Amino acid sequence: MKVAVFSCKPYDRRTLQQAAEAYPDAQLHFFESRLSMETISLAEGFDAVSCFVNDDVNREVLNRLHNMGIKGIALRCAGFNNVDLYFAKANNIPVYHVPDYSPTSVAEHAVALIMALNRKTHRAYHRVKEGNFALEGLMGFNLEGKTVGCIGTGRIGKAFCRIMSGFGCHVLCYDITPDEDLLDLGCEYVDLETIYQSSDIISLHCPLNASTHHLINKTSLAKMKQGVMIINTSRGALVNAQEAIDGLYSGKIGYLGLDVYEQEGAIFFEDMSDHIIQDSVFQLMLSFPNVIVTGHQGYFTDIALKHIADTTMENLRAIASG
Ligand code: NAD
């Protein structure tokens, strides 16, 4: 099977090549370009394509791939909102994804943001590089005994709750489908209002949908403790960025850690980075010393990349065997 691998960075290439060693019949061809109507001719002569979150697998692209004789699509990500699944299903084009590559990776990144914001390591590092060892403004707080609210306790949220329980935090959870395993860890399911009113730290681990869009907004912020820490490693539009900035100005938000942003595509996809640089709300957010933003790197660990590559190869084998 000949596979065209789109949006393939050197690190993806290395892990895919290692995973492909177990599949001698697979011939992988790597393209850094993202799949779109502009680049679709690169897929000519291949049996399958492998895509990432930023590839544009819309109806027109799928139709062309179908006419080229592509037998299936192996996504190297969990989400599939970039694929026209209705068209794929109607035309019997199998689309595989990687549902569960490493929840711990994202949970640990949420904790990394908490630790960095609390102990101000981003600011301390720059000071020390300039020869300034003063501690003014760098005081942190002990996590032990703090109340942490986790919204969404699926794969990632559950891993996050485990870690925070280990720090000795009192973990409050909210999910539309509670997970009883967390009760054994001493976590407590409560309603959203209680999460807002009682938490020192709130971390978001629910999907983006109509009921969670702009969950963090001026109304929910008004119910929170003064100086609350908000962490979002899920989807950017869970947080109303403008209203979060108002919260930062008023001191309602004491710390803000984001791995995702409302204009997420613009941060995550390097070819669109000019767009985000011009986003004034984003720039304003970065100007606060108590804000840390990372570019959707929560998933980005060695283990997660290995799982993505291994599952992608299994999915390609399933496509090959029809
Ligand atoms: P999951 O499906 O295992 O868990 C999501 C949980 O949210 C479920 O338990 C579900 O019941 C709950 N939920 C759904 N609607 C809710 C609501 N209205 N209020 C509260 N809870 C609700 O998903 P997951 O794998 O844990 O992923 C969680 C989020 O992390 C997703 O948004 C995903 O896109 C994001 N993610 C980010 C990265 C990254 O690199 N930053 C990587 C992977 C996933």
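Modeller: Let us begin with a definition: a residue is buried under 20% relative accessible area, exposed over 50%, and partly exposed in between, using a 1.4 Å probe and protein chains only. This is a predicted model, in which local features need pLDDT of at least 70 and side-chain atom pairs count only at pLDDT 80 or more, while totals for chains, interfaces and linings use all residues. Residues are numbered from 1 along each chain as its sequence is written, and side-chain values use heavy atoms, with hydrogens and water left out.

Colleague: What is the mean pLDDT of the protein chain?

Modeller: The pLDDT is the predictor's confidence in each residue, from 0 to 100. In the protein chain, 95% of the residues reach 70 or more, and the mean is 93.

Colleague: What is the order of the strands in the open sheet of 5 strands?

Modeller: Strands (E, at least two residues) and helices (H or I, at least four) are DSSP runs, numbered from the N terminus. Two strands pair if DSSP finds at least two bridges between them. The edge strands, each pairing on one side only, are strand 2 (27-30) and strand 5 (95-96). The pairing is parallel, and the order is 2-1-3-4-5.

Colleague: Which residue of strand 3 is the bridge partner of Val 5?

Modeller: Strand 1 (residues 2-5) pairs with strand 3 (residues 48-51) in the parallel sense, over 3 bridges. Within strand 3, Ala 48 is the bridge partner of Val 3. For Val 5, the partner in strand 3 is Ser 50.

Colleague: Which residue in strand 4 stands opposite Ser 50?

Modeller: Strand 3 runs parallel to strand 4, and 4 bridges join them. In strand 4, the residue opposite Ser 50 is Ala 74.

Colleague: Are the residues of strand 3 that point either way, Ala 48 and Ser 50 or Val 49 and Cys 51, buried or exposed?

Modeller: In a regular strand the side chains alternate between the two faces of the sheet. Accordingly, Ala 48 and Ser 50 point one way from strand 3, and Val 49 and Cys 51 point the other way. On both sides, these residues are all buried.

Colleague: At about what angle does the direction of helix 14 meet that of strand 4?

Modeller: Axes are lines fitted to C-alpha atoms, for helices over the stretch in contact (heavy atoms within 4.5 Å). Angles run from 0 to 180 degrees between N-to-C directions. Helix 14 (residues 302-320) packs on the sheet and touches strands including strand 4 (72-75), with which its direction makes an angle of about 170 degrees.

Colleague: Why is one side of strand 8 and of strand 12 left without a neighbour in the sheet?

Modeller: The open sheet of 7 strands has parallel pairing and the order 8-7-6-9-10-11-12. Strand 8 (188-189) and strand 12 (291-293) stand at its edges, so one side of each lacks a neighbour, because each has a single partner strand.

Colleague: Which strands of the sheet does helix 10 touch?

Modeller: Strand 10 (residues 228-232) and strand 11 (residues 253-258) pair in the parallel sense over 5 bridges. Helix 10 packs on the sheet, its direction making about 140 degrees with that of strand 11, and the strands touched are strand 11 and strand 12.

Colleague: How far apart in space are Ile 245 and Met 285?

Modeller: Ile 245 belongs to helix 10 (residues 241-250) and counts as buried because its relative accessibility is 0%. Not counting residues up to four places away in sequence, Ile 245 touches Val 281, Leu 284, Met 285 and Phe 288. Ile 245 and Met 285 are 40 residues apart in sequence, yet their C-alpha to C-alpha distance is 6.4 Å.

Colleague: Which residue meets Glu 193 in a salt bridge?

Modeller: A salt bridge is a side-chain nitrogen of Lys or Arg within 4 Å of a carboxyl oxygen of Asp or Glu. The partner of Glu 193 meets it at 3.2 Å, N to O, and is Lys 223.

Colleague: At 32% relative accessibility, how does Lys 223 count?

Modeller: Glu 193, at 33% relative accessible area, is partly exposed. Because its relative accessibility is 32%, Lys 223 counts as partly exposed.

Colleague: By about how much are Lys 306 and Asp 310 separated in helix 14?

Modeller: The side chains of Lys 306 and Asp 310 meet in a salt bridge at 2.7 Å, N to O. Because they are 4 residues apart in helix 14, their separation is about one helical turn.
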